[in-house]
Amino acid sequence: MPTASVLQSQLESLNDTDTFATAWQQALCKSALHDGKISWGGRGQGGRGISRRTFQPKDILVDGVRLEYLSNSNQGSGRILLEDAVLKLLAAQVYALIGRNASGKSTLLKRIQAGLIPGFPPHISTLFLPQEIQSLEIEDAAQKTTIELLKHYSQRSIASTEKEITLLEAEMEKLDMSSEEDQAAVEEIADKMARLEDDMKQAEVEFEKNMKEALVFVGLHDATLWALSLSTLSPGLRKRAILAIPLVCRSNLLLLDEPTNGLDIQGLLMLRDLIELVSTRNQTTVLMVSHDHDLMDDVADYIMDFFEKNLLYYPGNYSSYRIYRRQNDLHAIRQVIALEKKRNHMLKTLENVKKQAKPKRSKNNKVAVVRRKIEKAGIEKDEHGHHRTNQSVGSGIKTGSINALDASTRRALSTTQLLDMAKKSIASPPDKAVQFIFKHVTSRWNEPLIVATDLGHAYENPSMPIVPPKRDETNPTTNTIIATKRDGMIFDCVDFCAEEGERYCILGESGSGKSTLLRLLAKLEKPKEGSVKHALNVDVAFLDQEHVDSIISTLTSEEQNCISFLAKRFPKLNEQDIRGSLTSFGLSPQQATTNVKYLSGGERCRLFLSGAFLASPQLLFLDEPTANFDVESVEALCHGLNHWNGTVIMVSHDTNFIRAVKAKCYALIGDEGKLRRVEGGIDEYLRSFA
């Protein structure tokens, strides 16, 4: 089934899952009969705290939000994603929405855009920018040119402004002119209407100017690119074209789904400026789903955590959020330690009381009193009536007791050791649901695994004549030669050597040929010039999201779930081995039997990694590996790679990820067509753009 139809059916299937859904549906039906005007809010109208007599500000507050995902497959009922949650978005603030893959982050954004959240303020205009161009609301978006795309959204912005003016007029009609308070409200509304009308007229007259300024802002300086269909542009340029939309289409709420995917370092810097511009100049609220730590640190005002069917809010950026979570975990550990001391003291008291002479019959003897205190502290009796001393989670601990915190590990450590652990780090290994366990390499070559010499590549006219090297014209007295590439070549004269157990990252501008170079080094393509030599019998694994999606789109009916998908590729392996590999890469037994086409992007990457490591590779190639992972999965991937003894060569612009895996950085210079070593790593590369 096409992606668009799947998305539409998902949205339609969610109509009856929310509280107040019936009232909201009635409001939508009434709006169809009254030129799109929605009457929502007020006493008895299903609204949530929305005043009936004053026009609402741009803050968004919706409670009782329920979100359910209904699969199109015949694998049971839907999955509850949110239950009685509160959606709170303050005007002109930037929110970063985090949560695990498949938790429902993108689904929430799509439902907000589709108007399927009962109680969402009707006067709030929304703009949703998806990860891929195919998911835009415009039909056949991939076949449109950049100019056509921006023109469509500019007209949409004008229509949204007209709707807002209509709502203001309706609000003005409700006011009583004899009241001084209402007279002041009328003046305020009239001023706002006048500003909106001026902005709308200016947008119509100056569309060409605004469009050019928007495209230059996002880095599309070459006017020849504007007339090309979006499908012919590189992923990075397509993403820039999408990010130009908010500059020509104003909205009250901007929804961004993984906006960093496909962007190079210059694009990431531009994205920061764009978010700051729309939130400050246009007073637009921004809600974005992202895995980029640095981006969230730079622009986020609040962190919204999609956790256990609820939305939790933390003020500050992502670093502040991590500090807050760490303090909470540290507080929990200290509580456990304090309770441990108290319990040990009580047990010792109980033993001492038992050694004393038996008192006369009494309702309040010391042994019974101490036993009751111990039971209240979380220790229960086993089936023989004895108190449990060797406790574990879910065994002998009262539900909700603070004793249950970290109960499976605290017995192995003393109080001093627990305190020392809390001071150093309380970060535990990744949860089993997000883990990456790479099979260790047992072979050693004691030589470079890859040696590339004089690599050159071109897509068209590979045999162009060599252009003489340019000389430095700024100082004619010198004989300095400026490195350049031949016409028609993407890059040339590239040398590269990969040692065992190292991590390498290739950086560069969009379109400079990074992904092409990665495929040449993996021997998935043949270079036009030069050679690539691998060590004898070295096994290679390659992960590329576009390749993953293309394979899944051509699957047969026999390869519907993860197990059958891998079983067809590894017929000699039994189901237990396949399930074990899927578990090593964070796919649960339920996910292992899920239709592959309904897996999220991150889950698909996990599936292909689990399949690749069934062959025990020693060399791993990754093309933008973090693009489809959530924040927790990215941290787990860093943890897994840092504990793997194989060799990694990757293309990535996730600066925090590159730092975490301690990758040696190389920059592919687009103008020169040469690969240069960046001695200071990713931070030195970033400083070159300051």
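## A sheet of six strands

This is a predicted model. Begin with an open sheet of 6 strands, in the order E15-E16-E17-E13-E18-E19. Its pairing is mixed. Which strands stand at the edges? They are E15 (540-544) and E19 (674-678). Each has a single partner strand, so one side of each is left without a neighbour in the sheet. From one strand to the next, the twist averages 20°.

Strands of a sheet pair through backbone hydrogen bonds, either parallel or antiparallel. Here, E13 (residues 503-508) runs parallel to E18 (residues 664-669), and 5 bridges join them. Find Gly-508 to see one of these links: its bridge partner in E18 is Leu-668.

## Strand E17

Now turn to E17, which spans residues 647-651. E17 pairs with E13 in the parallel sense over 4 bridges. E17 also pairs with E16 (residues 619-623), again in the parallel sense, over 5 bridges. How does the chain get from E16 to E17? It passes through helix H20 (residues 631-642), in a right-handed β-α-β crossover.

Why is E17 described as largely enclosed by the rest of the structure? The reason is that 5 of its 5 residues are buried. In a regular strand the side chains alternate between the two faces of the sheet. In E17, Thr-647, Ile-649 and Val-651 lie on one side. Val-648 and Met-650 lie on the other. All of these residues are buried, and both faces of the strand are covered.

## A second sheet

Another open sheet is formed by 6 strands. Their order is E4-E5-E6-E3-E7-E8, and the pairing is mixed. E4 (126-129) and E8 (310-315) stand at the edges. Each of them has a single partner strand, so one side of each has no neighbour in the sheet. Neighbouring strands are turned by 20° against each other on average, direction ignored.

Inside the order, E3 (residues 94-98) and E7 (residues 302-307) pair in the parallel sense over 4 bridges. Tyr-95 has Tyr-302 in E7 as its bridge partner. A helix packs on this sheet: H9 (residues 265-280). H9 touches E3, E5 (253-257) and E6 (285-289). The direction of H9 makes about 145° with that of E6.

Helix H7 covers residues 235-243. Of its 9 residues, 7 are buried, so H7 is largely enclosed by the rest of the structure. The buried ones are Gly-236, Arg-238, Lys-239, Arg-240, Ala-241, Ile-242 and Leu-243. What do they pack against? Their partners are strands E4 and E5, together with helices H4 (146-174), H8 (245-248), H9 and H15.

Two packed helices are described by the angle between their axes and the distance between the axes. Take H15 (residues 545-552) and H19 (residues 601-612). They pack at an angle of about 90°, with their axes 10 Å apart. H15 and H19 are therefore roughly perpendicular to each other. From H15, the contact involves Gln-545, Val-548, Asp-549, Ile-551 and Ile-552. From H19, it involves Gly-601, Arg-604, Cys-605 and Phe-608. These contact residues divide into 5 nonpolar, 2 polar and 2 charged.

Phe-496 sits in strand E12 (residues 491-498). Is Phe-496 buried or exposed? With a relative accessible area of 4%, Phe-496 is buried. Leave aside its neighbours within four places in sequence, and its contacts are Ile-450, Val-451, Ala-452, Tyr-504, Leu-521, Ile-649, Tyr-666 and Leu-675.

Pick out Tyr-666 from that list. Phe-496 and Tyr-666 are 170 residues apart in sequence. In space, they are 9.5 Å apart, C-alpha to C-alpha.

## The whole protein

Now step back. The protein has 22 helices and 19 strands. It has 690 residues, of which 45% count as buried. Consider the contacts with a separation of 6 or more: residues 24 or more positions apart account for 70% of them.

Terms used: Residues are numbered from 1 along each chain as its sequence is written. This is a predicted model: local features need pLDDT of at least 70, side-chain atom pairs count only at pLDDT 80 or more; totals for chains, interfaces and linings use all residues. Side-chain values use heavy atoms; hydrogens and water are left out. Buried means under 20% relative accessible area, exposed over 50%, partly exposed in between (1.4 Å probe, protein chains only). Helices (H or I, at least four residues) and strands (E, at least two) are DSSP runs, numbered from the N terminus. Two strands pair if DSSP finds at least two bridges between them. A crossover is right-handed if, with the strands pointing away from the viewer, the path from the first strand over the helix to the second runs clockwise. Axes are lines fitted to C-alpha atoms, for helices over the stretch in contact, and angles run from 0 to 180 degrees between N-to-C directions. Angles under 35 degrees count as roughly parallel, over 145 as roughly antiparallel, 65 to 115 as roughly perpendicular and the rest as oblique. Contact means heavy atoms within 4.5 Å. Ala, Val, Leu, Ile, Met, Phe, Trp, Tyr, Cys and Pro count as nonpolar, Asp, Glu, Lys and Arg as charged, and the others, Gly among them, as polar.
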